[in-house]
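I opened this structure to take notes on a few places in it. My entries follow in the order I looked things up.

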Amino acid sequence: MANHLLFYILLALIPALGTSDFLITQFRNIKKRSADDLIVNGIEIYSMKIDSKVTSRFAHNVITSRAVNRANVSKEVVFDVDLPKTAFITNFSMIIDGVTYPGTIKEKEVAKKQYEKAVSRGQTAGLVKASGRKTEKFTVSVNIAAASKVTFELVYEELLKRNFGKYEMFIKVKPKQLVKNFEIEVNIFEPQGISELDAQGSFITNDLSQVLTKSFSGKKGHVSFKPTLDQQRTCATCSTSLLDGDFIIKYDVKRDSPGDLQIVNGYFVHFFAPTNLPRFPKNVIFVIDISGSMDGIGIQQTRQALLKILEDIKEEDYFNFILFGTDVHIWKDKLVQATPENLKEAKEFAQAISTRGMTNLHGGLMKGIEMLNTAYETNSVPKRSASIIIMLTDGQPNQGVSDPQQIQANVKTAIQGKYPLYNLAFGYGIDYNFLEKMALENKGVARRIYPDSDSAIQMEGFYDEVANPMLTEVELNYPENAIADLTQNNFKHYYDGSEIVVAGRITDNDLNSLTADVKAQGALNDVTYIEQADVNEMAKALQEQEYIFGDYIERLWAYLTIQQLLEKRTVAQGEEKDNLTAEALELSLKYKFVTPLTSMVVTKPEDNEDQSAIADKPVEAEAKAAPGTYSAPTHSFLYSRPASPSVYTSVDGDPHFIISVPQKEDAICFNINEETGTVLSLIKDPVTGITVNGQLIGDKRVNNDAKIQNTYFGKLGIENKKLELKLEVTPEKIIIQNGRKKTVFSWLDTVTLRQESLTLIINRKKNLVLSMGDGASFVIVLHQVWEKHPLHQNFLGLYTLDSHKLSEHTHGLLGQFFHHIDFDILEIHPGADSKKPDATMMVKNNKLTVTRGWQKDFRKDSQHGVDIPCWFVHNNGAGLIDGVHTNYIVSSIFDTTIN
C-alpha cells in the first residue's frame, strides 16, 4: 500500500550465529565470566555487522557474521536472520577457510528439482523458509572443522514506504551472547535533503546512549551503534548480553515542492507527496463479521478498536456499521454525519456488538456497497468526499452466496471502481487469497490482523493509515514518446503522511529534461502539479559515490515493477496470468531477487560432500495454515512453527491434544490411548466452578491390523456449578440443563440461545459455541462420517477460547496448560521418519524425546482441518502432563474428582 512506510530488519541472532547445543548453556546460564567467555561450546563469534545504505528510499542491507571454531573437533554454526516481508533477498554466501560457497538464484521449479535431487541422494539440507507476523526467517547451518573460520553474508533490498510522515527502520537486536565486534551502521542519502533523523533503542542504558551516534546534514544522514564488550554486559561481572530489544531509526526528507523527479542511467523515479492540503471529508462503511467464530478475543478486540476509531473520526465525516452473521444487521438506514450525538450513539452500539450465527459475508458487503451508492445518488454525502469500505472477517463465507468467485464478481460489479475496498483478515481460518484478490480488484489492499492482545491496536493502526485522504483520482503522466515500462501511475486516493512512487525507463537517449504532469481532485477543486528534472544537472547532483550503490534507480524500478506484477498476477487468469508470471520471473532472475517465483540455492560442504538448501519467498496467502515449510538438514533440523498464537488448546481426533504455547509461537501435542467408555477429566477449575469431561468411543468393530485401536470423544460434559448449568453433547444431540429446566436440541438445528451469563450458538451440522459469563468459551466441532461406513462413526472435538479467564488452579488434561508453560528444544536429529525429526525437550524439569509432526485443527474447517505443526510427546504425554494419564480417569462426564 503506497502510504505504508516501514523498513523492518529483525535479527534473532541466536541461534543467529551459534551452535545447536549452545542453548543448554545459555538457558541454564551457568557460565561465569572468564577470559574465554566469548567462546560458547568451542565457537567464538568475533564479528557481527549490520550495514545499511539507503539511497532515495531504496535500502541495500548487508548482514555479516564471522565465527571461528576454537574447539579441537568440528562444530555446527547457525546463521539465523529475520527479514522484512517486503524485502527481496539478493545474495548470500558462506566463506569457509577462504573458500566461498555462494547462493545462486534460479526459477523456483528448477531450484525445487535440484533440492529434490539432493534429497534423493540423502544430501538433505534445510529448506530456508518461514514467516512471522512482519518478517520472514532465513536460516543456514554448517559444520566447520577445528580452528576453521566461517563468514556469513546476507544481502537484501527493499523500497521504503512512507507512513505517518516518517520513514522508519526497525532493527530487532538480540544476539543473546557477547560479540567482540558488534556494529550497526546506517548511511542515508536523500537528494531532496534530510529534514529530521532520530534513533533510539529500548535496551539502551545511559552508558550505551554514549555509543549511539546520529547526525544529518544536507543530503546525508548517519547512525552508528558500536558497543564495546564491557558495554554489552548485563553487569560488570556478567557474560550475558544487554543487547536485547528494538533499535529504531526514523527520518523524513525536505519537501520544498509537491514531488521530486530523479534520473540516473536511463531510469527515473518520481516521488509525490504534497503537503498542507485541505483534508477531504470521508465516508466510511465498517462491515464487521459477527459470526460465532468471532466470539472471544475477535469480537472483544473489534469492539475496542471501533471505540478508539470513533474517537478519531472528524465531524465532517460520514459513517455507518454493517454487521453480518447469519443475517445482515445495520446500525442506521443510511450514512450519518459524525456529530457528537451520533458518535455517542455509535459508541453505545459498538459496545453492545455480540456474535451470532454463521458468515454471510456476501450479504454484509453488498449491503455496504449499496448504502454508499445510494448516498451518492441521493446527495446525502458531500459531492467532494472520499469513500472507503473496511471489512473485517475471520472465516469462510458459509451463508447466502458462499462461492468466492461469485462474491468477487458481484462485489466488483457493484463497486465499479468508485471506492477502494480494504479487507482485514482476522487470524488464519480464512481464505486470504480470496480476500486479497477481492481487495486488489477494487483498488484496495488486504491486511492480516493477528489474533492477540494487540489486535485492536492493529485495526486502529490500519484505520489511521487511511483516515486522512487528501487527494482522489491521482494520475501522474509523462511524455509517451520518451518513456516506457512505467509502473502504476494512477491511484484512487493519496493519504496524508504517505507517498506515491512511480518509476520508469527513459527511451529517448537525447532527452535533456523530463516533465511530470500530475492531475488530481482536491477537497476544494481539481489540482494540477508540474514537476521537471534536468538530466545533466541530476547526474551532477548524484555524484556522491560513497553513498550510491550501483544503479539504484534501475533496481528500485525493477523492485517496484515486480511487486506490482505479482499483485496483478493475483487477480489475473489464463493467458494474462501466464504473461504476468513470465514477465515477473524474467525481471526476478535478471536483477537476482528472491521472489515468490524464484528461489536461492545455497550450496554448503557437509561430510566432504556439497549439499543444497533453498531460500524461498513466502507469500501471505500461504500463512493461513501457519506452518511455513518443514525442512530436514542432515546435521541441523530446521522446523516450522505456527506463525501466530492463533492455535487454541484443544483435543480432537484420535484423541489428539494440542497445547498452544504462544510465547514460543509453537505447540506441543500428545495422544491418550485408553479403552472405549473411559471418561477423562479435561478441564477442572475449582474457582470458577467449570468442569469439562469427555467419554471415549471406538470404531464400530475392532481393527485386527492395528496395534492400538482408534478412540474418539463421543460424549462431552460441560458443567458450571455457579450457574447451575450442565451441557451434554453427543454426535446426535445437545442437552442443556439450567437448574431444573432441561432443553434438547439436534445437530440439525440452527440455534442462537441467549440467557443471563450464557450464550449458546449451534451452527447446523458443523459446531456449537458456548460462552458462560466472564469465563472461558468453548467450541465443539461435530465430525460426521458416512452413515454406512463399515468402521468409523461420528465423534466430537473440543476447542477452548479465552482459556486465560480460568483460574491458575485449573487442572485436567487440557486445563493444566491454560497458564504459563515453557519448554526448550535441544539436539534436533533425524528420526525414524525422514520427514519428522526427533529432538530433546526440556519441560517441567523433565528431559523427553519428542518428534516434530502435525495435528489437525478442525475449528474452522471440520472436513479437512488445518495442519498445526507441533512437538509430539510420546507415551500418553508422560513427563509433560502432571502425574500419569490414568490419574485423569473419572467415573462420569459430570464427575469432578481427579485421582
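**Entry 1**

I began with the bridge partner of S513, which is D534 in β32. The model I am reading is a predicted one. I then followed the two strands. β31 covers residues 513–521, and β32 covers residues 526–534. They pair antiparallel over 9 bridges. A hairpin of 4 residues joins β31 to β32.

I also looked for β27 (residues 469–477), which runs antiparallel to β31 and is joined to it by 4 bridges. Here I found L476 opposite V518 of β31.

Which side chains of β31 are buried? I noted L514, A516, V518 and A520, which point to one face.

**Entry 2: an open sheet**

Next I looked up a sheet of 4 strands. It is open, its order is β18-β19-β30-β28, and the pairing is antiparallel. Which strands stand at the edges? I found β18 (259–264) and β28 (483–484) there. Each has a single partner strand, so one side of each is left without a neighbour in the sheet.

I checked the pairing of β18 with β19 (residues 267–272), and counted 6 bridges in the antiparallel sense. G259 stands opposite F272 in β19. Helix α12 (residues 552–571) lies across β18, β19 and β30 (500–506). The helix runs at about 70° to β19.

**Entry 3: nonpolar cores**

I looked for the largest nonpolar core, and it has 56 residues. Those with the most contacts inside it are F92, F138, F152, F182, I184, F225 and F247. Strand β4 (residues 43–55) gives the largest share of this core, 5 residues. Apart from it lies another core, of 54 residues, and I noted L716, L770, L798 and V850 among them.

I went back to F247 for its contacts. Leaving aside neighbours within four places in sequence, they include F170, I184, F203, L212 and F225.

**Entry 4: L723**

Last, I looked up L723. Where is it found? L723 is in the loop between β40 (711–720) and β41 (725–729). I noted its relative accessible area as 28%.

Not counting residues up to four places away in sequence, L723 touches N738, S757 and M772. M772 is 49 residues from L723 along the chain, and their C-alpha atoms are separated by 8.5 Å.

Definitions and conventions:
Residues numbered from 1 in each chain as written. Predicted model: local features only at pLDDT ≥ 70, side-chain atom pairs only at ≥ 80, totals over all residues. Heavy atoms only, no water. Buried < 20%, exposed > 50% of the residue type's maximum accessible area, 1.4 Å probe, protein only. Contact = heavy atoms within 4.5 Å. Core = buried A, V, L, I, M, F, W, Y, C linked by side-chain atoms within 4.5 Å. Pairing = 2+ DSSP bridges. Axes fitted to C-alpha atoms, helices over the stretch in contact; angles between N-to-C directions.
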